[in-house]
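Hi there,

Here is the structure I promised to pass on. Have a look at it first, and my notes follow below.

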Amino acid sequence: MKSTAITVLFLFLIGTPMIAQDNISPERKMAIDSLALEKVRDLGKYISIIGNKQTPWSEANRVIDRTLELFADGAMMGVSTLNSTEVKYWGVRTYLERLMALNYDRVNIEWFNIEYISDLEKQPDGRYVGVITIYQRFEGRVGDNLVYVDTTKKDITVYVERKQTQIGGRLIGFWDVLLGDIRVAETMP
């Protein structure tokens, strides 16, 4: 998929020999920010595809596997509804499988206003952590009737960490971007 090509290209753009420092230069930070925003946009597209009732089951499962590659291990997804003040948290795979099984004839999910709200900050363990906010509009229809709609503001934790890979016998260091927990900030009609 497109994001794989972008990730590989990104590795070459920001990858450096392992003698490089573990600090992020302003130029690399811009590249990392772009990659993180691209991954969040990809996530929004994948969620829309998985939730769409017209998507064949096999394709939805393929997209779920692709979606899981965006996340750090153990990431949780917050889910809210206008009918309750409680926010439930599910593992990403469980959330996506529940999304596929929603009891509507048609589901439309759109993400918009995607932007950083917290700049990347270096943590004691050497990782960088930031937060990207998005707005999600969800519409569920039964027949032609719109039976549920809400807009949810969500905060997505972004982890940036130094990794290494071997390319052509040479050890290359690169900054990898993974998504973490997605928390519900606000749910509106």
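Which strands and which helix each supply at least two residues of the lining of the largest pocket? They are strand 2 (76–81), strand 3 (84–91), helix 4, strand 5 and strand 6. A pocket here is an open set of points on a 1 Å grid over the protein atoms alone, where a 1.4 Å probe fits, with protein on both sides within 12 Å along at least five of seven lines; lining residues have an atom within 4 Å of a point. Helices (H or I, at least four residues) and strands (E, at least two) are DSSP runs, numbered from the N terminus.

Before you go further: this is a predicted model, with local features needing pLDDT of at least 70 and side-chain atom pairs counted only at pLDDT 80 or more, while totals for chains, interfaces and linings use all residues. Residues are numbered from 1 along each chain as its sequence is written, and side-chain values use heavy atoms, leaving out hydrogens and water.

Back to the pocket. Its space comes to about 520 Å³, as filled by probe spheres set on grid points joined across faces, edges and corners. Among its 20 lining residues, Val79, Ser80, Thr81, Arg98 and Leu102 lie nearest the centre.

As for the overall layout, the protein has 4 helices and 7 strands, in the order α-β-α-α-β-β-α-β-β-β-β from the N terminus. Of its 189 residues, 41% are buried (under 20% relative accessible area, with exposed over 50% and partly exposed in between; 1.4 Å probe, protein chains only).

The largest nonpolar core has 36 residues, and Leu43, Ile47, Phe71, Trp111, Val160 and Leu179 touch the most other members. Such a core is a set of buried Ala, Val, Leu, Ile, Met, Phe, Trp, Tyr and Cys residues joined through side-chain atoms within 4.5 Å. Helix 2 gives the largest share of this core, 9 residues. Beyond its neighbours within four places in sequence, Ile47 is in contact (heavy atoms within 4.5 Å) with Met77, Tyr95, Leu96, Leu99, Ile109 and Trp111.

Ile109 also has a bridge partner, Phe138 in strand 5. Strand 4 and strand 5 run antiparallel, joined by 12 bridges (two strands pair if DSSP finds at least two bridges between them). They form a hairpin with 5 residues between them, and Gly126 in the turn has a positive phi of about 95°.

Finally, Glu59 sits in helix 3 and counts as partly exposed because its relative accessibility is 27%.

Best wishes
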